[in-house]
Structures are given as structure tokens and as C-alpha cells.
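Subject: Structure handover

Hi there,

Here is the structure I promised to pass on. Please have a look at it first, and then read on for what turned up in it.

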Amino acid sequence: MGTYERISPDGRFVLRSYSGARLGEVSLIELPSDGDAPLRAYRTPLSNEAFPVQGSWRYLVDVDGRHFRLADVVRLQMDAKPLFQGGMRGFYAAASELSPGPAVDPDLVWIRSMSWPQGDRSGQGTGPLQVRTIGVRDTASGAEVVSDTGAQFICASRGARDGGVYTLPMISVDGREFSAIPINPASGRPSMRVYGLAADVPGTQHPCDLRRDLIAAPGKAVFAFAGRASAMLAYTDNASVYFVDRRDRLQDQVFRIDDERTQVLASAFPGFTRDGRIIFGANWKECAAPNACVQRAGYVVADPYQNADYRQQLQRTGLAPDRTCITWADVQSERRRFASERGLPP
């Protein structure tokens, strides 16, 4: 199993690092729409810890800043060529595509990426945060960067409270928030926190206003897609996957995705699909009898709206769920939409 994985908006693809000798450093895994069908693997020209541009997955980004079109990687695999180079680069980077809004050129693709200054790989990736926003003109003949804010150090205003060094940052799907753990907060222990980024595009003043403290120090906290009232987050901790609903009356509630019958252990941090599913790589046991278990590995697809503890807590607090469940029709519709957006076969 890979240890660094990212999930496409429709749940069809997993970008997986540490893939193995036959697949190279990074592979693209295609999950079937039918859970009983086999997985399909694509080789890529990408380097370990490459990342997608979240929200759209229009591009896959190598750690040197080269952007590849997803459709080219699916079609050409190792022969795919980069379109342009830009944005933050290095290990521990992440990026999202921004909705441009009325004040900027609507014909450009706007990408906000974040990371921190990169040295060698020995420090486990801690440092002051940087953000960079680029505007890309993408046409049938190619793509080029035509607007670039340059790398901007952010969150200096929080120095007295949170210090200047963070770890495990993750930008939100819409590029307007991020999660990270401040290493030396003035009060309390280090914990995963959510902060705000500029709402405007390209945005040069990032407020870094504190929006949520998870009061825990798990692995990377990933964001659900914007537009849902719950504004969910998910993360791994001790090989278990948890999610939170950031609505006010649920601020202190954490819900675990588990199955005691199969003893699911996550092998990578999770990802949200646009329709709300949570998907993650895992190992588990299938037991015909207590002493007759087979070890399995693959991907878990979970519907948070069917989590019993979450439903009970919503009922206790008088909050309405965003939806009752994610249906098979929802999943198929999302796969068709994503394939159409990215020029992929259905």
C-alpha cells in the first residue's frame, strides 16, 4: 500500500506515492465503480509526493513545479509531457483551483499552492508557511503562467500566539482555508488548527484567522468540498479515520469510521469526494470464523451520513443532516461529471 495518497473529486482515481518497482515512485490507481471489480494502475512520470490541484484535478503537479494534464497521464502514462512549471514546489506542497470571481480574468485557471521553505528531507517538514497564486491561460495548444503573486510568507501576525513554525499543512479544496499544527504555540499543546486564507483572487493579504482547533495532533486534516452546511474535515490518528462537522453546536464532536468486525486500519490519510464520500487506503481482516481470518488490503469507501454516532448527535442537537445518505445514483452522476470535465472516457 502507498503511504501518501490523494483522492479525485469523483472517487475514481487515487494518486499514490511509494508505489513500488513496477509502477515507479508515483502511480495513478483507478477504482472501479463496482466494488467487486479489479483495480487498474497507471504509471506516471511524477516523483514521490507529487500532488493534484484539488477541486478540479485539472493538473497533477510534480515536486519541481511541473504541471501535467490529468487526461494526458491517463492516456500516455510515462510519456505524458508537462504543460508548464509554476507555483510552490518541493516536498510537502499542496494546491487547489480557485473560483475566480467577477473581479479577475474568468478565462484564466487560478491555482493557489502552499508549502514552506524546503531544505533537505531530514526535518520532517516544519517551517514558516508560504502561499503562491498563479493564473494560467490554458488552451488547446498548451498552457502558460500569465499571472504570479510569487511566494508569500504568511501568518506573521500569529507569531505571538502560534509561533512561526508549522507542520502538516493542507490547503482546503477551494483554496480559501488551510489546516496545520503550530509547533510552538504560546499556550497549550500543539494541535491541528484551521485558519483562513484570502477570499479574493489572486489575493495578497492572507488573514490566518483561527477558525477551528481540533484539540488533537493527528495526521493531515483534509477538507470536504465547499457548499455543504457541515463543512466537514477528516483525518487519521493511530490508523483510524475520523471526521468532524464544523457547525457551531458540533464543535467538540469527533466521529470515527470503523468496523469492529473487520478491524480496519488506515494506511494513508483520507480524501473527500465532491458528493461527500470519504475514501482511504486500508488493511483489514475478513473472518469466516474467529480463528479463520484473511488479511486484506485495498480502499475503504465510507458514507459519513450513515455513521450511527453522527446521526444520533445530530438528532440530540436538533441539527438537520445535509442529506440522508449518498446514493448509488449520486456516485454514478459524479463519475460522469468528472469524466466530462477532464475529457476522460466514462
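Is the link of C287 and C293 left-handed or right-handed? With 105 degrees about the S-S bond, the link of C287 and C293 is right-handed.

A word on the ground rules before the rest. This is a predicted model, in which local features need pLDDT of at least 70 and side-chain atom pairs count only at pLDDT 80 or more, while totals for chains, interfaces and linings use all residues. Residues are numbered from 1 along each chain as its sequence is written, and side-chain values use heavy atoms, with hydrogens and water left out.

**Disulfides**

Searching the whole structure gives two disulfides, a disulfide being a pair of cysteine sulfur atoms within 2.5 Å. In one of them, C287 is joined to C293 with an S to S distance of 2.0 Å. C287 is partly exposed at a relative accessible area of 35%, and C293 is partly exposed at 36%. Here buried means under 20% relative accessible area, exposed means over 50%, and partly exposed is in between (1.4 Å probe, protein chains only).

C155 and C208 are also joined by a disulfide, with S to S at 2.1 Å. The torsion about the S-S bond of C155 and C208 is about -80 degrees, so this disulfide is left-handed. The pair links distant parts of the chain, 53 residues apart: C155 is in the loop between β14 (152–153) and α2 (159–162), and C208 is in the loop between β17 (193–196) and β18 (210–213). The helix and strand names come from DSSP runs (H or I over at least four residues for helices, E over at least two for strands), numbered from the N terminus. C155 is buried at 6% relative accessibility, and C208 is buried at 0%. If the bonded cysteines are numbered in sequence order, the pairing reads 1-2, 3-4. Another residue to look at is C325, which counts as partly exposed at 27% relative accessibility.

**Backbone details**

The loop between β17 and β18 also holds P202. A cis peptide bond joins V201 and P202, with omega at about 5 degrees.

Two residues with positive phi may interest you. W57 is not a glycine, yet has a phi of about 55 degrees. W57 sits in the loop between β5 (51–54) and β6 (59–61) and is buried at 2% relative accessibility. A239, also a residue other than glycine, has a phi near 70 degrees. A239 belongs to the loop between β20 (232–237) and β21 (240–245), and is partly exposed at 29% relative accessibility.

**A sheet of four strands**

β20 and β21 belong to an open sheet of four strands in the order β19-β20-β21-β22, with antiparallel pairing. At the edges stand β19 (222–223) and β22 (255–257), each with a single partner strand, so one side of each has no neighbour in the sheet. Strands count as paired if DSSP finds at least two bridges between them. β19 and β20 pair in the antiparallel sense over two bridges, and F223 has L233 in β20 as its bridge partner.

**Aromatic pairs**

Rings of Phe, Tyr and Trp (its six-membered ring) pair if their centres lie within 6.5 Å, with planes under 30 degrees apart counted as stacked, over 60 as edge-to-face and the rest as tilted. By this rule there are nine aromatic pairs. One of them is edge-to-face, because the rings of F243 and Y310 have centres 5.3 Å apart and planes at 80 degrees. F243 lies in strand β21 and Y310 in helix α3 (residues 308–317), so the pair ties together parts 67 residues apart in sequence. F243 is buried at 0% relative accessibility, and Y310 is buried at 1%. Y166, F178 and Y195 form one aromatic cluster.

**The protein as a whole**

The protein has four helices and 26 strands. Its C-alpha trace spans about 60 × 50 × 40 Å along the principal axes. Of the 346 residues, 53% are buried. Among contacts (heavy atoms within 4.5 Å) between residues at least 6 apart in sequence, 51% join residues at least 24 apart.
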